[in-house]
Amino acid sequence: MAMLVKSLNKAGITSLAGCHGHHRYAPNVQISGGYQGAWFKVIQEKYLSELTLHYKWTVHFENQSGSCMCAEGAVRWDMNLIYQDTVQMAMVLQKYAREIRELKNASFKRNKEMKEVASHLLLARNYEGLVEWMNAKVENISIADK
């Protein structure tokens, strides 16, 4: 879990802590705020969707840190499978860390649109709308680069 938390931070996705669940609870990574959680959902689809993971890792919003990524799909958790999943994700995040940070910087400038659109979506707790908006911004950057 520590490797995944460090890899998320290296890729510019502010994460605070991780817990493997101690065989009883869902493994999770605490992500700093709804905006960072939405950004992780974009990155998860763009960079991690082709991985063969043992568990489904889902972002949940409005917890103590703002959002978290939690594993789903088990009653009793296998530490070896959690390790395999987190290492796979961490390796991809490390490989593309610079690219992910640059994509974030190019897509989300601190400007009027960010204040009007992103802030409004966050305040309205419209996280799916925020993810859709982020995906559109990323797609526009990707198209412009081609």
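Colleague: Is Cys68 buried or exposed?
Modeller: The relative accessibility of Cys68 is 7%. Buried means under 20% relative accessible area, exposed over 50%, and partly exposed in between, with a 1.4 Å probe and protein chains only. Cys68 therefore counts as buried.

Colleague: What pLDDT do local features need in this model?
Modeller: Residues are numbered from 1 along each chain as its sequence is written, and side-chain values use heavy atoms, leaving out hydrogens and water. This is a predicted model: totals for chains, interfaces and linings use all residues, side-chain atom pairs count only at pLDDT 80 or more, and local features need pLDDT of at least 70.

Colleague: How many disulfides are there?
Modeller: A disulfide is a covalent bond between the sulfur atoms of two cysteines. Here the rule is a pair of cysteine sulfur atoms within 2.5 Å. The cysteine sulfur closest to that of Cys68 is in Cys70, 3.1 Å away, which is too far for a bond. By this rule the disulfide count is zero.

Colleague: Is Cys70 buried or exposed?
Modeller: The relative accessible area of Cys70 is 14%. Cys70 is therefore buried.

Colleague: Where is Cys68, and what does Cys68 touch?
Modeller: Cys68 is in strand E4, residues 66-72. Strands (E, at least two residues) and helices (H or I, at least four) are DSSP runs, numbered from the N terminus. Contact means heavy atoms within 4.5 Å. Not counting residues up to four places away in sequence, Cys68 touches Val29, Gln30, Ile31, Thr58, Val59, His60 and Asn63.

Colleague: How far is the C-alpha atom of Cys68 from that of Ile31?
Modeller: Cys68 and Ile31 are 37 residues apart along the chain. Their C-alpha atoms are separated by 5.1 Å.

Colleague: Is Gln64 buried or exposed?
Modeller: Gln64 is in the loop between strand E3 (56-61) and strand E4. Its relative accessibility is 86%, so Gln64 counts as exposed.

Colleague: How many of the 16 residues of helix H2 are buried?
Modeller: Helix H2 covers residues 33-48 and is largely enclosed by the rest of the structure. Its buried residues include Tyr35, Trp39, Phe40, Ile43 and Leu48. The buried count that makes H2 largely enclosed is therefore twelve.

Colleague: How are H2 and H4 oriented to each other?
Modeller: Axes are lines fitted to C-alpha atoms, for helices over the stretch in contact, and angles run from 0 to 180 degrees between N-to-C directions. Angles under 35 degrees count as roughly parallel, over 145 as roughly antiparallel, 65 to 115 as roughly perpendicular and the rest as oblique. The axes of H2 and helix H4 (residues 97-107) cross at roughly 125 degrees and come within 12 Å. H2 and H4 are therefore oblique.

Colleague: What is the hand of the crossing of H2 and H4?
Modeller: A crossing is left-handed if the near helix is turned anticlockwise from the far one by less than a right angle, and right-handed if clockwise. The crossing of H2 and H4 is right-handed.

Colleague: Which residues of H4 make the contact with H2?
Modeller: H2 contributes Gln36, Trp39, Ile43, Lys46 and Tyr47. The H4 residues are Glu99, Ile100, Leu103 and Lys104.

Colleague: How do H1 and H3 lie to each other?
Modeller: Helix H1 (residues 2-10) packs on helix H3 (residues 79-95) at an angle of about 25 degrees, with the axes 8 Å apart. That makes H1 and H3 roughly parallel.

Colleague: How many charged residues are in the contact of H1 with H3?
Modeller: Met3, Leu4, Ser7 and Leu8 in H1 meet H3 residues, among them Val87, Met91 and Gln94. Ala, Val, Leu, Ile, Met, Phe, Trp, Tyr, Cys and Pro count as nonpolar, Asp, Glu, Lys and Arg as charged, and the others, Gly among them, as polar. The contact has eight nonpolar residues, three polar ones, and a charged count of none.

Colleague: What is the relative accessible area of Met91?
Modeller: Met91 is in helix H3. The C-alpha atoms of Met91 and Leu4 are 8.4 Å apart. Met91 is partly exposed, at 46%.

Colleague: Which residues does Lys137 contact?
Modeller: Lys137 is in helix H6. At 19% relative accessibility, Lys137 counts as buried. Leaving aside neighbours within four places in sequence, its contacts are Ser107, Phe108 and Glu113.

Colleague: What is phi of Arg125?
Modeller: Most residues other than glycine have a negative phi. Arg125 sits in the loop between helix H5 (112-123) and helix H6 (127-145), and is exposed at 56% relative accessible area. Its phi is positive, near 60 degrees.
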